[in-house]
Amino acid sequence: MATVLKDSARKAASVVAAPAKGLKTLADNGGELHGPSPNPATNLIIADIALRTATTIMRRSVERGVLGASYSPKKAKSILKGRTMAETLLHGALARVALGSVPGAVVIGGVLVAKTLYDRSRARQARAEGAAQLQDMAEDGAEE
């Protein structure tokens, strides 16, 4: 299914890239149907929604798994619910920068490595601060 959606998205992108030539190619596809809709733009939308949904579900399960090593499932869920919109948007923006270019990935990766090394150098204090932040997030998430 994912391969079919990727192929549909790739073909739709090629149609958009070369309008005159692409329209001729689209009209002369031998009656083949690539995707659930005969409209490649609709297939591209369907592929985008499916990929974003799968990514979100996977991200949430990984986040719960990371927290699940130290916290109960109920507390992990409330911690994730307690995140602010600003934190969510910041994390998404950082991920887009890291995925957008090699220099962006190097900068974001370098910052994360530096933060990790800094936290490890003051592990006891960082553990206490992190636990306090997660407790606040869990309380905020439990209120909702």
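A138 touches K75, S78 and I79, leaving aside residues up to four places away in sequence; contact here means heavy atoms within 4.5 Å. The model is predicted, so local features need pLDDT of at least 70 and side-chain atom pairs count only at pLDDT 80 or more, while totals for chains, interfaces and linings use all residues. Residues are numbered from 1 along each chain as its sequence is written, and side-chain values use heavy atoms, with hydrogens and water left out.

I79 and A138 are 59 residues apart in sequence, yet 4.0 Å apart in space, C-alpha to C-alpha. I79 lies in helix α4 and is buried, with a relative accessible area of 1% (buried means under 20%, with a 1.4 Å probe and protein chains only). With residues up to four places away in sequence again not counted, I79 touches L67, Y71, L134, M137 and A138.

The largest nonpolar core has seven residues: L67, A76, I79, L80, L134, M137 and A138. Such a core is a set of buried Ala, Val, Leu, Ile, Met, Phe, Trp, Tyr and Cys residues joined through side-chain atoms within 4.5 Å. Helices α4 and α7 (123–143) each supply at least two residues of this core.

Helix α3 (residues 40–68) packs with α4 (residues 73–81) at an angle of about 125°, and their axes are 9 Å apart. That makes α3 oblique to α4. The crossing of α3 past α4 is right-handed. R60, E63, R64 and L67 of α3 meet A76, I79 and L80 of α4 in this contact.

Terms used: Axes fitted to C-alpha atoms, helices over the stretch in contact; angles between N-to-C directions. Helix = DSSP H or I, 4+ residues; strand = E, 2+ residues; numbered from the N terminus. Parallel < 35°, antiparallel > 145°, perpendicular 65-115°, else oblique. Left-handed = near helix turned anticlockwise from the far one by under 90°. Buried < 20%, exposed > 50% of the residue type's maximum accessible area, 1.4 Å probe, protein only.
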